[in-house]
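Here's a quick briefing to read alongside the model. Have the sequence and the 3D view open as you go.

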Amino acid sequence: MLTRRHFVATSAAMLSVPLATPAIAGPISDRSKWAAFDAQVTPANYNPETSNPWGLKSRFLPRLVKANPGLVPGDIHVDAVARYLYHIREDGTAMRYGVAIAKGDLYEPGVYTIRRKAKWPTWIPTKAMIEREPNVYGPLADGMDGGPKNPLGSRAFYLFDGNRDTYLRIHGSPAPRSIGGRASSGCVRMVMAHINGLYDHVQTGATAHLYPA
């Protein structure tokens, strides 16, 4: 027989169970839209060496150049002074692209490992970005879905120091006219059509050398 004491104890136990908190969905990247997104950011009749609807200086268009001797094929080198990114090839050449680097003292030279790469990545501003510019990044604290307006653009390489994610990226940008300047909050920016062409040639585990500005 259930006593009053048993009923009270059982009821209290039932009422003390915390209610489940609804899961908050993070930003997503819809694979079914990737092809349409790629078409949206690629100029008609695209030729990497000549297409320039962005009005870039011609030197920032992709070029095949001779690489300095002794560089490791597959590695990336960012010349922060000239605003060039070089991807070293097996035959002693390199593909060169124009880039933008971080503004002020946010650029972080160093040697990093590309441990992840992503197509149409999602993006969440870092805590430091929100603290630095709350009016800009505060409203975006929950992140953005992958897409042409996402700050990481169409492709991204994630830079690590050992096993630590530095939150530095080499990525496409929805602001291609920034190429050649200092514009980002720490990352290296590329034209989306340019990084789309580079993406499949860069393997995870490759080294990225970011030289001082």
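What follows covers a pocket, a helix, a glycine and some salt bridges.

This is a predicted model, so local features need pLDDT of at least 70 and side-chain atom pairs count only at pLDDT 80 or more, while totals for chains, interfaces and linings use all residues. Residues are numbered from 1 along each chain as its sequence is written, and side-chain values use heavy atoms, with hydrogens and water left out.

**The largest pocket**

- About 660 Å³ of space lies in the largest pocket; that volume is the space filled by probe spheres set on grid points, which are joined across faces, edges and corners.
- A pocket here is an open set of points on a 1 Å grid over the protein atoms alone, where a 1.4 Å probe fits, with protein on both sides within 12 Å along at least five of seven lines; lining residues have an atom within 4 Å of a point.
- The lining has 31 residues, and Trp123, Thr126, Met129, Tyr167 and Cys187 lie nearest the pocket's centre.
- Helix H3 (127-132), helix H4 (134-137) and strand S8 (164-173) each give two or more residues to that lining, and S8 gives the most, with 8.
- Helices (H or I, at least four residues) and strands (E, at least two) are DSSP runs, numbered from the N terminus.
- By type, the lining splits into 16 nonpolar, 8 polar and 7 charged residues (Ala, Val, Leu, Ile, Met, Phe, Trp, Tyr, Cys and Pro count as nonpolar, Asp, Glu, Lys and Arg as charged, and the others, Gly among them, as polar).

**Buried spots**

- Helix H5 (residues 192-199) is largely enclosed by the rest of the structure, because 7 of its 8 residues are buried (under 20% relative accessible area; exposed is over 50%, partly exposed in between, with a 1.4 Å probe and protein chains only).
- Gly153 sits in the loop between H4 and strand S7 (155-161) and counts as buried, at 0% relative accessibility.
- Beyond its neighbours within four places in sequence, Gly153 has contacts (heavy atoms within 4.5 Å) with residues including Trp120, Gly172 and Met192.

**Salt bridges**

- The structure holds 4 salt bridges (a side-chain nitrogen of Lys or Arg within 4 Å of a carboxyl oxygen of Asp or Glu).
- One of them pairs Lys103 with Glu133, with the closest N and O atoms 3.7 Å apart; this pair links distant parts of the chain, 30 residues apart.
- Asp165 and Arg169 form another, at 2.8 Å between the closest N and O atoms; Asp165 is partly exposed at 22%, whereas Arg169 is buried at 9%.
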